[in-house]
Amino acid sequence: MKTFTLFNGRSGGAQAIGPQVKQLAERDGATWLRVDDLSDDELFARIEQEKPDRVILVGGDGTVSKSLGLLDSPSDLEFGIVPTGTGNDLARSLDIPLNDVAAAWQLASGGTARPMDLIETSRDQPKLLINAVTAGIGGVVAREIATESKQTYGALAYWLQALSVLSDPPVFQIRLRLDDNEVIEQEVYAFCVANGRCAGGGFVIAPAAKLDDHKIHVTILPALSMVEMLDAGINFVLTNEDAAKRIVTYEAHEVQFVSAPEIPCSLDGEQGVHDRLKFRIVPAARRVVGGPNAAFGEE
């Protein structure tokens, strides 16, 4: 198997992990390229010219998102991932080892690739996303959230801690359309549009999501009082009782939103402010290696 390794020297753990991964790549005869030294056109041309069977992406969510979005040829090109970022959220959904570089490399180089969906969003031009869009308060404060909060509140810690950090969280009036028929109009603190299960460095925002289910998973955090928020968190994690009335989830193939005022968004980690965006699922868009407990459906 002809293998290329794309390394982002600017990712969060690049300096600590990069040399070890490079040794493994050289041992196995994989071509080593630093993507931060190449333009998009240069990288695309190199892959087109060399025609590897598999590309191993060494970097964080940003590197993975950019590379999977850019490298769409040949159609049977396979991808492995060695995570070196600070969030590594797609790697979590793919069950890739986060603290064992040798194990991550072994999986990336020798594991079986499976078809994975992507999300296409329309802005100035179409862009492919691998993992999730978080809109509202969540992404702003994710880096401040303590590990203890993750363990205590589980799936909702991402949103609960965001509210505790912000003394006066902004409220956004959104109009959400799902598959051109169902319309939701609601005041919210935040919502997410997800392909994978995690955002913000391991917070589970779409626990039912599978990377090959051909669906976009939408989670809405309605504007509630702090008492209601804490109650929603306890119910969701412990009993799931009444969760549908508070933390609301939907599934769709196409999603579009309008927000007033404009809402801060993180698109696979890329920050921006938007008053409207459209999303659609792109089924089986790339072939990606995952571990034994990756968020794929039954084969």
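## Ground rules

Since this is a prediction, local features need pLDDT of at least 70 and side-chain atom pairs count only at pLDDT 80 or more, while totals for chains, interfaces and linings use all residues. Numbering runs from 1 along each chain as its sequence is written, and side-chain values use heavy atoms, with hydrogens and water left out.

## The chain as a whole

The protein chain has 9 helices and 15 strands; these are DSSP runs numbered from the N terminus, with helices being H or I of at least four residues and strands being E of at least two. Of its 299 residues, 52% count as buried, where buried is under 20% relative accessible area, exposed is over 50% and partly exposed is in between (1.4 Å probe, protein chains only).

Take the contacts (heavy atoms within 4.5 Å) between residues at least 6 apart in sequence: 73% of them join residues at least 24 apart. The chain exposes about 13700 Å², with carbon and sulfur atoms supplying 46% of that; areas come from the Shrake-Rupley method with a 1.4 Å probe, and for residues only the protein chains shown count as cover.

A nonpolar core here is a set of buried Ala, Val, Leu, Ile, Met, Phe, Trp, Tyr and Cys residues joined through side-chain atoms within 4.5 Å. The largest one has 46 residues, and Leu68 and Leu90 touch the most other members. Apart from it lies another core of 26 residues, including Val133, Phe257, Ile263 and Leu277.

Leaving out residues up to four places away in sequence, Leu90 touches Asp61, Val64, Leu68, Ile81, Met116, Ile130, Asn131 and Leu211. Ile81 sits in strand E4 (residues 78-83) and is buried at 3% relative accessible area. Beyond its own neighbours within four places, Ile81 has contacts that include Leu57, Val64, Leu94, Ile96 and Val288.

## A pocket and a cavity

On a 1 Å grid over the protein atoms alone, a cavity is a set of points where a 1.4 Å probe fits but cannot get out, a pocket is an open set with protein on both sides within 12 Å along at least five of seven lines, and lining residues have an atom within 4 Å of a point. Points are joined across faces, edges and corners, and volume is the space filled by probe spheres set on them.

The second largest pocket holds about 210 Å³. H3 (61-70) gives the largest share of its lining, 4 residues, and strand E6 (126-129) supplies at least two. The lining splits into 2 nonpolar, 2 polar and 5 charged residues. For that count, Ala, Val, Leu, Ile, Met, Phe, Trp, Tyr, Cys and Pro are nonpolar, Asp, Glu, Lys and Arg are charged, and the others, Gly among them, are polar.

Cavities of 30 Å³ or more number 3 in the whole structure.

Most residues other than glycine have a negative phi, and most peptide bonds are trans. The bond from Ala260 to Pro261 is cis, with omega near -5°, and Pro261 lies in strand E14 (residues 254-267).

Asp95 has a positive phi near 60° and is partly exposed at 25% relative accessibility. His214 also has a positive phi, about 60°, and belongs to the loop between strand E11 (203-204) and strand E12 (216-222).
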